[in-house]
Amino acid sequence: MMRTVLAAIPLLVGAGLIAVSSLGLLRLPDVYNRMNAVAKAASLGVVCVLLGVLVLLFDPRSAGVVTVAVALQLLSAPVGGYALAVAAYRAGSPLAAVTRYDDLADADADADADADADAATPEVEPRAGRRERPPCGDGLDGPAGG
């Protein structure tokens with residue numbers, strides 16, 4: 001009985017965080033704010049639900065599985081949210097009117113300037129004594145045609 005009550009607390013907190021992230025997904029003004037809400041609140045909600053399950057069904061195997069799942073969730077969700085936000089930015093999704101800073105515009109301008117500078121730099125010949133990689137089919141990469 002006590003274990004069930006202790007497990008209910010993180011389960012309810014996790015369910016509440018997931019509900020808040022879904023509400024943010026519906027109510028926030030642009031794709032960047034929506035992804036931020038989902039990446040943060042939902043990942044913490046999943047972690048809380050996993051911890052509640054661990055309290056409810058505690059054994060060493062479950063503890064190992066939950067530990068790995070929590071670590072992967074906390075490492076992958078923010079990175080995935082950031083990657084999706086950058087992809088949305090590069091695809092041209094508009095920013096909300098209340099957005100004050102556009103850090104990626106500065107980064108894109110710097111990258112464009114670097115690309116222009118690299119294009120103006122003449123090609124450098126390979127160093128003497130350095131061998132170019134032979135083309136495929138010469139027997140060094142495996143059987144020809146396969």
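How are α2 and α3 oriented to each other? They are roughly antiparallel, the term for angles over 145 degrees.

Before the details, some ground rules. This is a predicted model, where local features need pLDDT of at least 70, side-chain atom pairs count only at pLDDT 80 or more, and totals for chains, interfaces and linings use all residues. Residues are numbered from 1 along each chain as its sequence is written, and side-chain values use heavy atoms, with hydrogens and water left out.

Back to the pair. Helix α2 spans residues 31-56 and helix α3 residues 60-90. Helices here are DSSP runs (H or I, at least four residues), numbered from the N terminus. The two axes come within 9 Å and cross at roughly 175°. Axes are lines fitted to C-alpha atoms over the stretch in contact, and angles run from 0 to 180 degrees between N-to-C directions. The α2 contact with α3 has 20 nonpolar, four polar and no charged residues.

Next, helix α1, residues 2-27. Its axis lies 7 Å from that of α2, at an angle of about 165°. That makes α1 roughly antiparallel to α2. Their contact divides into 21 nonpolar, six polar and two charged residues.

Last, the largest pocket. The volume is about 460 Å³, taken as the space filled by probe spheres set on the grid points. The lining has 20 residues. Tyr32, Asn33, Asn36, Tyr82 and Ala85 lie nearest the centre. Elements giving two or more residues to this lining are α2, α3 and α4 (103-120). By class, the lining holds 12 nonpolar, four polar and four charged residues.

Methods: Angles under 35 degrees count as roughly parallel, over 145 as roughly antiparallel, 65 to 115 as roughly perpendicular and the rest as oblique. Ala, Val, Leu, Ile, Met, Phe, Trp, Tyr, Cys and Pro count as nonpolar, Asp, Glu, Lys and Arg as charged, and the others, Gly among them, as polar. On a 1 Å grid over the protein atoms alone, a cavity is a set of points where a 1.4 Å probe fits but cannot get out, and a pocket is an open set with protein on both sides within 12 Å along at least five of seven lines; lining residues have an atom within 4 Å of a point.
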